[in-house]
Amino acid sequence: MNIDKTTYAINEINRYKVKSPKSQIVISNSLRKNNHHIVHLLHKELGRTKCWNTFTINREGNVFQHYDPEYHTDFLKKKIADKHIISIVLENMGVLFKTEDGKFINWINEECDEEFAVEKKWLGYTYWEKYTDKQLESLSKLCDFLCDEYNIPKELIEFQHYHKDIHKFRGVAFRSNHIQDSSDLNPMFNLKNFSKLLNKISV
């Protein structure tokens, strides 16, 4: 598994210094264009924020590790969960809005390439950015590696909505399972196909 551990590595000030056992992988979207979520975190709270995710997978399928998974941050802002998760952010703008001139933009007016915009009504929204095949391939390999490395069951949650006891689940989940009104991951993510990839079954 090729993981870039240097390009976007954070400082100790951006994570907690106590190691903790891991029981869950949480996948989410960046909700921004390209690596703009990383640029945002680098400057948030004058560079001292502890809201970092553990890994980022860009649209080309490259995997970046921001800090050692044995540690934790305030990624979910929920202490009961944050200590025991490994967070993976996919570069994806999530819900999109179509402008009068036919462009697709995200919540902060960043423009999405038209080839990645897909129409599907879900949660009251109509347009979404699709994930790339390279992203999903890298995601399955990274989850497989992390599950083996940290003794996390290769079980994918079967739904994308909030559940108050999700912190008790051992396996792979989504940010929307932890946070109400979250659309991470968006409906372009095929749960059944990814579950097969995770368990090395042909799709």
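How many cavities of 30 Å³ or more does the count come to? The count comes to one. The legends below cover a predicted model.

**View 1. The largest cavity and its lining.** One cavity of 30 Å³ or more is counted. About 30 Å³ of space lies in the largest cavity. Its lining is formed by Ser23, Gln24, Ile80, Ala81, His84, Ile85 and His167. By class, this lining has three nonpolar and four polar residues. No charged residue takes part in the lining.

**View 2. The largest nonpolar core.** This core holds 29 residues. Ile25, Ile27, Ile88, Leu139, Cys143 and Phe189 touch the most other members. At least two core residues come from each of β1 (24-29), β2 (55-57), β4 (85-90), α3 (133-149), β10 (171-174) and α5 (191-198). Helix α3 gives the most, with six residues.

**View 3. Isoleucine 27 and its contacts.** Ile27 is among the core residues that touch the most other members. Neighbours up to four places away in sequence are left out of its contact list.

**View 4. The largest pocket.** The volume of this pocket is about 540 Å³. Its lining counts 21 residues. Closest to the pocket centre are Asn29, Ser30, Leu31, Trp107 and Arg175. Helix α1 (residues 36-43) supplies the largest share of the lining, three residues. The lining divides into nine nonpolar, seven polar and five charged residues.

View 5. The lining is made of 13 residues. Leu123, Gln180, Asp181, Ser182 and Ser183 lie nearest the centre. By class, the lining has six nonpolar residues, six polar residues and one charged residue.

**View 6. Cysteines without a disulfide.** How many disulfides does a search of the whole structure find? The search finds zero. The cut-off for a disulfide is 2.5 Å between the sulfur atoms. Cys147 is buried, with a relative accessible area of 3%. Cys143 is among the core residues that touch the most other members. Cys51 also counts as buried, at 13% relative accessibility.

**View 7. Arginine 15, a residue before β1.** Arg15 sits in the segment before β1. Is arginine 15 buried or exposed? Arg15 counts as buried, because its relative accessibility is 12% and the limit for buried is under 20%. Its contacts are Ile10, Lys50, Tyr67, Tyr71, His72 and Thr73, leaving aside neighbours within four places in sequence.

**View 8. Proline 21, in the segment before β1.** Pro21 also has its place in this segment. At 61% relative accessibility, Pro21 counts as exposed. Beyond residues up to four places away in sequence, Pro21 touches Lys83 and His84. His84 also lines the largest cavity. Pro21 and Cys51 are 30 residues apart along the chain, and their C-alpha atoms are separated by 19 Å.

Definitions and conventions:
Residues numbered from 1 in each chain as written. Predicted model: local features only at pLDDT ≥ 70, side-chain atom pairs only at ≥ 80, totals over all residues. Heavy atoms only, no water. Core = buried A, V, L, I, M, F, W, Y, C linked by side-chain atoms within 4.5 Å. Buried < 20%, exposed > 50% of the residue type's maximum accessible area, 1.4 Å probe, protein only. Helix = DSSP H or I, 4+ residues; strand = E, 2+ residues; numbered from the N terminus. Contact = heavy atoms within 4.5 Å. 1 Å grid on protein atoms, 1.4 Å probe; cavity = no way out; pocket = protein on both sides within 12 Å on 5 of 7 lines; lining within 4 Å. Points joined across faces, edges and corners; volume = space filled by probe spheres on them. Nonpolar A, V, L, I, M, F, W, Y, C, P; charged D, E, K, R; others polar.
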